[in-house]
Amino acid sequence: IRTAILISGRGSNMMAIASACSARGSPAEVCLVVSNRPAAAGLVWAEQQQIPTLVIDHTHHSTRESFEEALHSELMKHRIEFVCLAGFMRILTEGFVKLWRGRLINIHPSLLPAFKGKDAQKQALHAGVKLTGCTVHYVEAEVDSGAIIAQASVPVLEGDTEQTLSDRIVLAEHEIFPRSVLEVAARLQQQQQVV
Ligand code: GRF
């Protein structure tokens, strides 16, 4: 399954996914990494791995729709079948989400449906929960909703800051996100064979 990973920054989840997909027999092949930010650090790593990369700078587009049209047309050009949002910090509109329904997944740093939206780790600290985590889910038009694929829980420890908690959560993300990518890709591959 030809897979694209969309990033905006560091790209540690992208690295974990790409590594898992490079294993022999993987149903997913990472064929493209797209960033909406030219300075995303993850782009450098992807280039070093000889994964095709692309910047679609959202600041060069006056509307979300025009940004998404550019994105969709690049995904088509690269014959992408499956899209993973890995720290991709743009909200996608209903139009785009519809085109990719069932083939578009995201990682969120909380146990959804708790702490949707921005700064989920900060929200968890403020709420005083002792347990938070991360969620891989299908993307629907409504932000951080959509069927859950996998979750992992992570303890909140005494004295945690947003940084220390985020660092702990991201380690759990590196476990569940690659696994989910392989699972969904295997399912997509099966569907293809049935048709
Ligand atoms: C992850 O914690 C993800 O859940 C959040 O942004 C972070 C991305 O990290 N939305 P990275 O770019 O994959 O290293």
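This short talk walks through one predicted model, from its sheet to its ligand shell.

Two ground rules. Residues are numbered from 1 along each chain as its sequence is written. Because the model is predicted, local features need pLDDT of at least 70 and side-chain atom pairs count only at pLDDT 80 or more, while totals for chains, interfaces and linings use all residues.

Let me start with the sheet. It is open and has seven strands, in the order β3-β2-β1-β4-β5-β6-β7, with mixed pairing. Strands at the edges are β3 and β7 (148-155), and each of them pairs on one side only. From one strand to the next, the twist averages 20°. A word on terms. Helices (H or I, at least four residues) and strands (E, at least two) are DSSP runs, numbered from the N terminus. Two strands pair if DSSP finds at least two bridges between them. Axes are lines fitted to C-alpha atoms, for helices over the stretch in contact, and angles run from 0 to 180 degrees between N-to-C directions.

Strand β1 (residues 2-7) runs parallel to β2, joined by six bridges. Look at R2: it stands opposite E29 in β2. Together, β1, α1 and β2 make a right-handed β-α-β unit. Right-handed has a plain test: with the strands pointing away from the viewer, the path from the first strand over the helix to the second runs clockwise. Next, β2 and strand β3 (residues 53-55) run parallel, with three bridges. There, S35 has V55 of β3 as its bridge partner. The chain gets from β2 to β3 through helix α2 (residues 42-48), and this β-α-β crossover is right-handed.

How enclosed is strand β2? Five of the seven residues of β2 (residues 29-35) are buried, so the strand is largely enclosed by the rest of the structure. Buried here means 20 or more other C-beta atoms within 10 Å of the residue's own; exposed means 12 or fewer; partly exposed is in between; C-beta atoms are placed from the backbone.

On to β5, residues 104-108. Five of its five residues are buried, so β5 is largely enclosed by the rest of the structure. Both faces are covered: L104, N106 and H108 are buried on one side, I105 and I107 on the other.

β4 and β5 run parallel over three bridges, and V83 has L104 of β5 as bridge partner. A right-handed β-α-β unit is made by β4, helix α4 (residues 94-99) and β5. With strand β6 (residues 131-138), β5 pairs in the antiparallel sense over four bridges. Opposite I107 stands V136 of β6, and opposite H108 stands T135 of β6.

Now the helices. In α1, the buried residues are N13, M14, A16, I17, A18 and C21. These buried residues pack against β1, β2, α2, β4, β5 and α6. Contact means C-beta atoms, placed from the backbone, within 7 Å. Then α6 lies across β1, β4 (82-85), β5, β6 and β7, running at about 165° to β7.

Next, the ligand. The shell around it has 13 residues, and the closest are R10, S12, N13, G87 and P109. Which elements each supply at least two shell residues? They are α1 (12-21), β5 (104-108) and α6 (162-194). By type, the shell has five nonpolar, six polar and two charged residues. Ala, Val, Leu, Ile, Met, Phe, Trp, Tyr, Cys and Pro count as nonpolar, Asp, Glu, Lys and Arg as charged, and the others, Gly among them, as polar.

Last, some backbone details. L112 and P113 are joined by a cis peptide bond, with omega about 10°. P113 lies in the loop between β5 and α5 (120-127). R79 is not a glycine, yet its phi is positive, near 55°. R79 sits in the loop between α3 (64-77) and β4. Is R79 buried or exposed? R79 counts as exposed, because it has 9 C-beta neighbours inside 10 Å. D144, also other than glycine, has a positive phi near 55°. Its place is the loop between β6 and β7. D144 is partly exposed, with 19 other C-beta atoms within 10 Å.

Notes:
A residue is near a molecule or strand if its C-beta atom, placed from the backbone, lies within 6 Å of it. Two residues are in contact if their C-beta atoms, placed from the backbone, lie within 7 Å.
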